[in-house]
Amino acid sequence: MGFKQDLFSQFARIGKAFASGRRLELIELLAQGERSVDLLAESSGLSVANTSQHLQILKQAGLVKTRREGQRIFYRLSDADAVVQLFDAIQVLAVDQVAEAQQLVNENLQSKDPLEAVSAMDLVEHIRNGDTLLLDVRPPEEFSAGHLAGAVNVPLPELNTFLEDLPTDREVITYCRGPYCVLAYDAVARMRDAGYQARRLEGGYPEWAAAGLPVEP
C-alpha cells in the first residue's frame, strides 16, 4: 500500500476503537474523570474482565492512559478535550442521520423534556446575573473529580429530599454526563412535576470543560 493508504489505516484505528457501544459508554464515564477498572466495571454493568478488554482496545488506539496505585489500575482519557469533541460529533451525527438513534432520543428523552436546553453561553450569563441555581445530578465521585464552578451536587436518588429545600425564586439548571445523559432529563421532569422552574444544560460537564469554561476540582 502507498503512504495514503497506510495513513488512513492508522486513522481507522480510532474508528475501530469507537466501534462499540460499550466502549463509548466507558469513554463517557472516563470523560467525567479518572477511574479505576473496578469502578468502571461497576458503573457500566460490565464484568471486570470485559471492562479490561475494552480498555485495552482504547489504550492501543491511544485514547486512554493508565497509572498504577498498588494493585489497582486507573484509567483516564489521554486527551480529554479532543476525545470529548470526537465523541460529541459522533453522537450529533448519529441523532441527525440515523433514524433509529433519533427515535430512541425522542421516545426516551424528549418525551421527558421537550423544551430547548440552555446553551453554555446562556448559562454563563445566568451565572453572572446570579439568577439561577446550578444542579449537578451525577454520582458524588464524578462531582468530586470535577464540576461546573458553583454547582451543587444532588445525585438523582437524593433529589426528592432536596426538593423540600429548593428555592422557588430562581430557575434551576441541571446537568450530568453529557447531552444524552438521562439523569438530567429525569431531574428536570421531577422538578417540573413538583412545580419548580427547571431546564437542562445543552451539554454536560465534559463539554463545558472542553470549552474552557470555569470548573472546580
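Ala-187 counts as buried, at 0% relative accessibility (buried means under 20% relative accessible area, exposed over 50%, partly exposed in between, with a 1.4 Å probe and protein chains only). The residue sits in helix 10 (residues 182-193). This is a predicted model, in which local features need pLDDT of at least 70 and side-chain atom pairs count only at pLDDT 80 or more, while totals for chains, interfaces and linings use all residues. Residues are numbered from 1 along each chain as its sequence is written, and side-chain values use heavy atoms, with hydrogens and water left out.

**Overall fold**

- The protein has 11 helices and nine strands (DSSP runs, numbered from the N terminus: H or I of at least four residues for helices, E of at least two for strands).
- Its radius of gyration is 19 Å, close to the 17 Å that the globule rule gives for 217 residues, so the protein is as compact as a globular protein of that length.
- That radius is taken over C-alpha atoms, and the globule rule is 2.2 Å times the number of residues to the power 0.38.
- Along the principal axes, the C-alpha atoms fill a box of roughly 65 × 45 × 30 Å.
- Of the 217 residues, 43% are buried.
- The protein exposes about 11400 Å², and carbon and sulfur atoms supply 52% of that area (Shrake-Rupley method, 1.4 Å probe; for residues, only the protein chains shown count as cover).
- Take the contacts between residues at least 6 apart in sequence: 65% of them join residues at least 24 apart (contact means heavy atoms within 4.5 Å).

**Helix 5 against helix 6**

- Two packed helices are described by the angle between their axes and the distance between the axes.
- Helix 5 (residues 80-97) packs on helix 6 (residues 99-110) at about 95°, with the axes 5 Å apart.
- That angle makes helix 5 roughly perpendicular to helix 6 (65 to 115 degrees; under 35 counts as roughly parallel, over 145 as roughly antiparallel, the rest as oblique).
- Axes are lines fitted to C-alpha atoms, for helices over the stretch in contact, and angles run from 0 to 180 degrees between N-to-C directions.
- Helix 5 contributes Ala-94, Val-95, Asp-96 and Gln-97 to the contact, and helix 6 contributes Ala-99, Ala-101, Gln-102 and Val-105.
- By class, the contact has five nonpolar, two polar and one charged residues (nonpolar: Ala, Val, Leu, Ile, Met, Phe, Trp, Tyr, Cys and Pro; charged: Asp, Glu, Lys and Arg; polar: the others, Gly among them).

**Gln-110**

- Gln-110 also belongs to helix 6.
- Its relative accessibility is 28%, so Gln-110 counts as partly exposed.
- Beyond neighbours within four places in sequence, Gln-110 contacts Val-105 and Tyr-185.
- Gln-110 and Asn-160 lie 50 residues apart in sequence and 22 Å apart in space, C-alpha to C-alpha.

- Leaving aside neighbours within four places in sequence, Ala-187 contacts Val-137, Leu-156, Leu-159 and Thr-174.
- Pro-155 is 32 residues from Ala-187 in sequence and 9.3 Å away, C-alpha to C-alpha.
- Ile-173 is 14 residues from Ala-187 in sequence, with 9.8 Å between their C-alpha atoms.
- Ile-173 lies in strand 7 (residues 171-175).
- Ile-173 is buried, with a relative accessible area of 0%.
- Beyond neighbours within four places in sequence, the contacts of Ile-173 include Val-118, Leu-123, His-126, Arg-199, Arg-200 and Leu-201.
- Thr-132, Leu-133, Leu-134 and Leu-135 are also among the contacts of Ile-173.

**His-147**

- His-147 is in strand 5 (residues 147-148).
- His-147 is buried, at a relative accessible area of 6%.
- Its contacts, apart from neighbours within four places in sequence, are Asp-136, Arg-138, Tyr-175, Tyr-205, Val-215, Glu-216 and Pro-217.
- Gly-33 is 114 residues from His-147 along the chain, and their C-alpha atoms are separated by 10.0 Å.
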